[in-house]
Amino acid sequence: MQSGKEMDWFDPKLRFEGETEKDFRIHYDRESLSYMRLGLLMAAALYGVFGVLDIWIIPQSHVIAWVIRFGIVIPLVLGVLALTYCRRAIPWLQELMSLQSVALGLGIVAMIAVSREGEPGFKYYYAGLLLVIMGIFSLFRLRFLYALTSLLIILSAYEYTAIRIQKLTAGGFSSPGYGLFINNNFFFLSSILIGIVVAYSMEYYIRKDFLQLRIIRAGQDRLEDLLGRMNYELTLAQHIQAQLLPRGLPSVKGVRCGAFYRPMEKVGGDLYDFVRFEEPHLIGLFISDVSGHGVPAALITSMAKTIINTAGNILYSPPEFIQHMNDKMTGQIGSHFLTAVYGVYDAREMVLRYTRAGHAYPVLLRDGEVVRVQSPGRLIGIIPGLVYQEMNLQLNPGDRLFLFTDGLVEAKNICGEDFGTAIFPGVLQALSAEPIGSLMEGIYGALKEHRGGEEFEDDICILGLEVLSGED
């Protein structure tokens, strides 16, 4: 395929190289088929209608003209029209259209030849050839070389008829016949010149469009292949990222945990984790949100997971762990940053020791009341050496604590209202009697209703902790 080398306007060949030319001819005939059929119908109809003129224009010769029109030319044109519906004839369309074009022209030449000198058609039937020339160079959709060849055959036949049969040049330059000969050829040559320019230009631009179409399709194929590989790799990344999340909920006496995660894209920048300790009454809760979305954010969550897995005893101290993560990530994640909350819950004391790093405030549901648990904390990954503060939260039996990313509370409805201010507190109060699992399902259901569907502008991640009463 010619991709970088386009045809020059003055290139007389109008031809591609190799298989491209073969493909172009198939494309050209397929795209031209409807025009060819229309041209054939018009040619047969006009050829028949002009038979009425024979009565007045060549009254003495009209019977022979009708034999030529209705007995030879029109049946041949209709036969070619029928063949256009035959699949086996499609590769021969140009030859068939050339054949019927020559038949149309030679039919008129023959009628000129049989007309008598005293009949008007002797002088004026050359005009019919002008109509044939128009069809050859446009409506019949002949490629340039086929059109030119057909025309040369017709023109040669006319010149022979004018000189040898009509003897228009026999009287010399000053004779009326010679003037008629010059007149007719003047119009022929003018129409042929116009037709050549039109036919050449038409095929040139059709070929150029075909070449550009092939280039575009080749680009589309490469793009589809690339998108396919990217989709495969994103699916693989999705499976890998899924392995970063806890495979189940922890089992700690006196508490019940819940978690929900839905990335906006195949991979996301939210991460949650439960940290197990040797002490059975301790459980660590971690949630983070990376700025941005997609693959870069997902890679940073992998870094965060690795830091969690290698932190060792630092995990016992929330502020030390958050500081450790900040030091590890600063300068390694470009312009991105993290927000996070990490806490260690002691089921014996019912105390959560936690540190917040610029993350959305946790929400406590206690006795049907919704309370935002506020605390200081700066972003992770921007400034090294930050010192973070530990906060203590005393919990009571029946309390439910929720950690979540801002994709939940900042989700807007059609009116531009945030879920966090318009719906979230009321949902928690309405479902305050439900266990943590059912309550989180209710939150997501209300979120979908608020959004009007499951299309979100950010990742959704919710982490829940329920302190059980003695009867649970």
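Student: Is Phe210 buried or exposed?
Tutor: Phe210 counts as buried, because its relative accessibility is 6%. Buried means under 20% relative accessible area, exposed means over 50%, and partly exposed is in between, using a 1.4 Å probe and protein chains only.

Student: What kind of model is this?
Tutor: This is a predicted model, where local features need pLDDT of at least 70, side-chain atom pairs count only at pLDDT 80 or more, and totals for chains, interfaces and linings use all residues. Residues are numbered from 1 along each chain as its sequence is written, and side-chain values use heavy atoms, with hydrogens and water left out.

Student: What does the pLDDT average for the protein?
Tutor: The average is 88, and 95% of the residues score at least 70. Residues 1–11 have a pLDDT below 50, though this stretch has 28 contacts in the model beyond near neighbours in sequence. pLDDT is the predictor's confidence in each residue, from 0 to 100, and contact means heavy atoms within 4.5 Å.

Student: Back to rings. How many aromatic pairs does the structure hold?
Tutor: There are 22 aromatic pairs. One of them joins Phe16 and Phe210, a tilted pair at 5.9 Å centre to centre with 45 degrees between the planes. Rings of Phe, Tyr and Trp (its six-membered ring) pair if their centres lie within 6.5 Å; planes under 30 degrees apart count as stacked, over 60 as edge-to-face and the rest as tilted.

Student: Which parts does the Phe16 and Phe210 pair tie together?
Tutor: Phe16 is in the segment before helix H1 (19–49) and Phe210 is in helix H8, so the pair ties together parts 194 residues apart in sequence. Helices (H or I, at least four residues) and strands (E, at least two) are DSSP runs, numbered from the N terminus. Phe16 is buried, with a relative accessible area of 3%.

Student: And what about Phe286 and Tyr342?
Tutor: Phe286 and Tyr342 form a tilted aromatic pair, 6.5 Å centre to centre and 50 degrees between the planes. Phe286 and Tyr342 are buried.

Student: What does His27 touch?
Tutor: Not counting residues up to four places away in sequence, His27 touches Phe210 and Leu213. His27 lies in helix H1 and counts as buried, at 14% relative accessibility.

Student: New topic: where is Val252?
Tutor: Val252 is in the loop between helix H8 (176–244) and strand S1 (255–262). Val252 is buried, with a relative accessible area of 8%. Leaving aside neighbours within four places in sequence, Val252 is in contact with Pro280, His281, Leu282, Ile283 and Ala347.

Student: Last one: which residues in H9 are buried?
Tutor: Gly294, Ala297, Ala298, Ile300, Thr301, Ala304, Lys305, Ile307 and Ile308 are buried in H9. Seen down the axis of H9, the buried residues fall within an arc of 170 degrees, so they line one face of the helix. The arc is that of the directions from the helix axis to the C-beta atoms.

Student: Which exposed residues does the face of H9 turned away from its buried side carry?
Tutor: That face carries the exposed residues Leu299, Asn309 and Thr310. H9 is followed by Gly312, with a positive phi near 65 degrees.
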